[in-house]
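Subject: Structure handover

Hello,

I am passing this structure on to you. Please look it over first; my notes on what was found follow below.

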Amino acid sequence: MTEERRAERRNWQLPHIYVILFLLMTVAAIATYFVPAGTYDRVPGPEGRETVDPESYQRVEQNPTGIQDYILAIPEGLIDAAEVVFFTFIIGGMFMVLRRTGIIELGVEKLTRVFADRSIILIPVLVTVFAVIATLIGTPELSLVYIPVLLPLLIALGYDSITAAAIALIGTATGFTAGVLNPINTGLAQQISGLPLWSGLWFRAIVFVVIVSAGFLYIMRYARRLQEDPENSLVYEEDREKRELYRGLDQVGESRATTRQKLAALATLAFFVVLVYGVLGLGWFFLEMSGLFIIMGAVVGLIAGLTLTQICDGFNQGFRDVLMGAIIVGVARSVAVVMEEGQILDTVVNGLGAAVGLLPGILGIVGMYFAQLAFNLIVPSGSGQAVVIMPIMAPLSDIIGVTRQSAILAYQLGDGLSNIIYPTSGYFMAALVIAGVSWEKWVRFFWPLMLIWIGVSIVLVVLAQAIRLTG
């Protein structure tokens, strides 16, 4: 191989994420001309959600994507994903206001001093904490809240933006996937499948330990490479400004917070207590959290002594910093918009079910896992996938000799872990932009772990089926 060819390989990069998503949308639009249109009837399901009637699939008149439909797909995707889009803007603005108060830098300085000699232990601790929260309440989207807090601390401790993003995303994704007591995936899927709520808990606890451990060990391996040489970072150049801002805070004289900054820090903690109560006790989601963060930015800014103009400028700068992430969320949603309006989404579901139905026993459960893994590219939503595909997979599992509990596990593992690699996953793409990590760099970091997780998932679903997991 010539030196020129080697240089070409080293310099090759994935296309820009906009290009990738646009190509996926285009493929979906072309598919509406060739894939037969079809629908399932929707019937009332658990918790007021509509689910599909697995016996009702029927062909309908072809409804291919026209020029106008194609042009409108991205704007409609932005509208459909509006809550996530605006949440991304608001969280970016709110954290920029907090940075301007100086309380983030003060907090990072103190934490850096505490953990300077044992920073590596933060990784398993934080990943496990985030995973426990997600496995109990089912909110991997909280990674969008964690990343701005983690970013300055991890940079100050000598790591990089990928480490911060990985701790938040891998922690929340693994906890959500295992779903020990997660109402979003486990609870809904068990209700749809007619199983006792939270049955099979002991096996999901094992799944939790296995995939969470694999996650934090992988991050620790990357973090140790950064300790050996910071230039091993995949985002070394991109993090230059962040390193100048945060590195070495533990080497300078200890800063002292003003009285107003202390009061602002207490107010910030109070708002986070309200956030936790709202999510856990009141069922808050993006809309409610967005409203809270607007008030939080304004109140904390005023307490710290910022003027109204400074607060507004802080929000504006934060909005600009996360602009691409917010837009990506809507562009990603356009893929599903095209397939839904072209009425081929249910046809894809029906085809996946038919393909899995040809596989017996152990092969059937592996087929179910890969069917869920593939479908998650189109519908990267735990509850969305549950109400569309589980009414089909549950009765199908009876036919091919797979336990329904094993089928649910295949759905969980196929859905949750791939949420942090597929570019159609809105919250994931927004999280990367908040962290300042491109999707291409994340894929370079993450794909070996994804392969490990796929192998582990196959072993887990096969084991569940081998022991005839039921309760």
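Ala326 sits in helix H15, which covers residues 323-341. The model is a predicted one, and the values here are computed from it. With a relative accessibility of 0%, Ala326 counts as buried, because the cut-off for buried is under 20%. Leaving aside residues up to four places away in sequence, Ala326 touches Leu78, Val85, Thr88 and Phe89. Phe87 is 239 residues from Ala326 along the chain, yet 8.4 Å separates their C-alpha atoms.

Next, a pair of helices. Helix H8 takes in residues 161-178 and helix H10 residues 201-228; their axes come within 9 Å and cross at roughly 170 degrees. An angle over 145 degrees counts as roughly antiparallel, so H8 is roughly antiparallel to H10. On the H8 side, the residues that meet H10 are Ile162, Thr163, Ala166, Ile167, Ile170, Thr174, Gly175, Thr177 and Ala178. On the H10 side, they are Arg204, Val207, Phe208, Ile211, Val212, Gly215, Ile219, Tyr222 and Leu226. By class, the residues of this contact between H8 and H10 are 12 nonpolar, 5 polar and 1 charged.

How many cavities of 30 Å³ or more does a search of the whole structure find? The search finds 2.

The largest cavity holds about 50 Å³ of space. Its lining is made up of 10 residues, and Tyr159, Asp160, Pro230, Ser233 and Arg243 are the ones nearest the centre of the cavity. Sorted by class, the lining of the largest cavity has 4 nonpolar, 2 polar and 4 charged residues.

For the second largest cavity, the space is also about 50 Å³. Lining the second largest cavity are Gly200, Phe203, Arg204, Gln405, Ile408, Leu409, Gln412 and Leu469. Which element gives the most to the lining of the second largest cavity? H19 does, with 4 residues. In the lining of the second largest cavity, 4 residues are nonpolar, 3 polar and 1 charged.

Regards

Technical notes
Residues are numbered from 1 along each chain as its sequence is written. This is a predicted model: local features need pLDDT of at least 70, side-chain atom pairs count only at pLDDT 80 or more; totals for chains, interfaces and linings use all residues. Side-chain values use heavy atoms; hydrogens and water are left out. Axes are lines fitted to C-alpha atoms, for helices over the stretch in contact, and angles run from 0 to 180 degrees between N-to-C directions. Helices (H or I, at least four residues) and strands (E, at least two) are DSSP runs, numbered from the N terminus. Angles under 35 degrees count as roughly parallel, over 145 as roughly antiparallel, 65 to 115 as roughly perpendicular and the rest as oblique. Contact means heavy atoms within 4.5 Å. Ala, Val, Leu, Ile, Met, Phe, Trp, Tyr, Cys and Pro count as nonpolar, Asp, Glu, Lys and Arg as charged, and the others, Gly among them, as polar. Buried means under 20% relative accessible area, exposed over 50%, partly exposed in between (1.4 Å probe, protein chains only). On a 1 Å grid over the protein atoms alone, a cavity is a set of points where a 1.4 Å probe fits but cannot get out, and a pocket is an open set with protein on both sides within 12 Å along at least five of seven lines; lining residues have an atom within 4 Å of a point. Grid points are joined across faces, edges and corners, and a volume is the space filled by probe spheres set on the points.
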